[in-house]
Protein chains: 2
Amino acid sequence: MKSALSTLLQQTADLRQAIRHKSHTGVTSGLVQGAMQGNVVILPADWANEFLLFCQKNPVSCPLIGVSEVGRYDMPELGHDIDMRHDIPEYYVYRDGVKVESRSDIEDIWQDDMVAFVLGCSFSFENALSQAGLTPRNVEEAVNVSMFETNIETVPAGRFFGNTVVTMRPYTPKDAIRAIQITTRFPKAHGAPLHFGSPQDIGISDLSKPDYGDAVTINDKEVPVFWACGVTPQVAIRNAKPPICITHAPGKMLVTDILDTALAVL
Amino acid sequence: MKSALSTLLQQTADLRQAIRHKSHTGVTSGLVQGAMQGNVVILPADWANEFLLFCQKNPVSCPLIGVSEVGRYDMPELGHDIDMRHDIPEYYVYRDGVKVESRSDIEDIWQDDMVAFVLGCSFSFENALSQAGLTPRNVEEAVNVSMFETNIETVPAGRFFGNTVVTMRPYTPKDAIRAIQITTRFPKAHGAPLHFGSPQDIGISDLSKPDYGDAVTINDKEVPVFWACGVTPQVAIRNAKPPICITHAPGKMLVTDILDTALAVL
């Protein structure tokens, strides 16, 4: 009989293969529950150190969980046989800070000087929320989480600067308090929320029009709760304007072989 | 040189003596910071078991930290030489559920069948909040904390039933999130809040008119945050109507020799 862990690892390997062969091209939210998913940023080596410093200065929005060797597209600390050129359902390509295309693999634009960064993702605590009876609305409604650009400034590092991107999940105050407790346990997945309540106070004008992802229903007596999001680097990349940068498309993440629960500090 | 702990124990002993000799008759909030303070309920033995069950069923509002032997007015597990008949600055006396008097000692109405209960108090986490830069407004303004009766029902036990009393402290959402994390560590001092935001949602009509204690300033962009309060039993006592019951007056607590930090679970 196979262990639960070996079953999970088979599922993550299968999903990465499906992504690699382009049979899965959609969002990864809710897939292989229990396996950590990550945000992806790929930069040339001469921009990588500045980005590493940006992550170090902004650990809540940019919690680093993996960095590749220069020119290497594997990521052995995060999973068996990962190929960073193929294993994300959709890549965004930025040139000089402008998103110029979206593509399903990056094999033909991979460079020998590239460094791949993987950042923790709030999907890692969604499973813990669900197990506590606090299933996020985006999971209930089977859509991508709502993401918004805010007026919360990151700490700049070299040429990287910009405001923080957040995910939003609505809860009643009572459930929000519990959600704060649960997500506090996951600092490498953005941890506790940055804000709740008034969207205007953090520069969001309309919750029904997310900058990325999908809008979700907000019920009477619920308040929006906002967590830092690993799409934050994409704002900083638009500002820093590196000649090339490749990221995941919001909600279409790298699926790793690491357990979400391995991120929990308690 | 005296240790910090022995200095603290001298301060708690001195304060209890000052209270015993009626030279301190006011609130105890903010006094001997670091020493745990407790809510007090004194009942005849034939009502005590039902009240014990009420506390067991409502551990957030009624976190028991001490119960005396029948007829004993000392409380050795909470402090040296405590005399429950004298060591609270102001007592309320309820007869048949009606508050009939307030007095500074209860020596002449003490009964040989009485049992004293001591319940944790949110003052125990106020020190931790202050140390985190989140000094409660009532401490800043040197007033008693605001307390309100809510529509949040307790779990009834025998003849004891009624709604929950809460304390209120205003914070910005960002600080409220941190305050939730900090107070979660103190389950025996009511732990995390029950609610934040709309007072109406928990049956409070006017934050400027607390049912007990004092009103505090609520600044722009702050939200009220509500924690369960050890005055909750006084509502249940009014409903249960025991022939006699003696409590502390809200904000005028038993000062113990136990460290607040001893209540922290993490």
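This is a predicted model: local features need pLDDT of at least 70, side-chain atom pairs count only at pLDDT 80 or more; totals for chains, interfaces and linings use all residues.
Between chain A and chain B, 4 residue pairs are in polar contact, with both partners at pLDDT 80 or more.

Let us look at the side of chain A that touches chain B. Two elements of chain A, α5 (173-184) and β8 (195-196), each supply at least two residues of it. The largest share, 7 residues, comes from α5(A). Sorted by class, this side of chain A has 10 nonpolar, 3 polar and 3 charged residues.

Now consider the interface as a whole. The size of an interface is often given as the accessible area lost when the parts come together. Here, chain A and chain B bury about 1300 Å² between them, and 73% of that area lies on carbon and sulfur atoms. In terms of residues, 16 from chain A are in contact with 16 from chain B.

How many salt bridges does the rule find across the interface of chain A and chain B? There are 2. A salt bridge also joins B:Lys221 to A:Asp201, and the closest N and O atoms of this pair are 3.0 Å apart.

I turn next to the two α5 helices. In chain B, helix α5 covers residues 173-184. The axes of α5(A) and α5(B) are 10 Å apart, and the helices pack at an angle of about 75°. Why are they described as roughly perpendicular to each other? Angles of 65 to 115 degrees count as roughly perpendicular, and the angle of about 75° falls in that range, so α5(A) and α5(B) are given that description.

Which residues meet there? From α5(A) come A:Ile177, A:Ile180, A:Gln181 and A:Thr184; from α5(B) come B:Ile177, B:Ile180, B:Gln181 and B:Thr184. By class, the residues of this contact are 4 nonpolar and 4 polar, with no charged residue.

Let me move to a residue within chain B. B:His24 is in the loop between α1 (4-20) and β1 (35-44) of that chain. Its side chain reaches two backbone oxygens: that of B:Gly26 at 3.2 Å and that of B:Val27 at 3.1 Å. Leaving aside residues up to four places away in sequence, B:His24 touches B:Leu15, B:Ala18, B:Ile19, B:Leu31 and B:Pro89.

Finally, a word on salt bridges in general. Over all chains, the structure holds 34 of them. One example within chain A pairs A:Arg137 with A:Glu140, where the closest N and O atoms are 2.9 Å apart. Both residues lie in helix α4 (residues 137-140) of chain A. A:Arg137 and A:Glu140 are 3 residues apart, about one turn of the helix.

Key: Residues are numbered from 1 along each chain as its sequence is written. Chains are lettered from A and ligands numbered from 1 in the order in which they are written. Side-chain values use heavy atoms; hydrogens and water are left out. Contact means heavy atoms within 4.5 Å. Buried area is the accessible area (1.4 Å probe) that two parts lose on being put together, summed over both. A salt bridge is a side-chain nitrogen of Lys or Arg within 4 Å of a carboxyl oxygen of Asp or Glu. A polar contact is a pair of N or O atoms within 3.5 Å; within protein, one must be able to donate a hydrogen and the other to accept it, and residues adjacent in sequence count only if both atoms are side-chain atoms. Helices (H or I, at least four residues) and strands (E, at least two) are DSSP runs, numbered from the N terminus. Ala, Val, Leu, Ile, Met, Phe, Trp, Tyr, Cys and Pro count as nonpolar, Asp, Glu, Lys and Arg as charged, and the others, Gly among them, as polar. Axes are lines fitted to C-alpha atoms, for helices over the stretch in contact, and angles run from 0 to 180 degrees between N-to-C directions. Angles under 35 degrees count as roughly parallel, over 145 as roughly antiparallel, 65 to 115 as roughly perpendicular and the rest as oblique.
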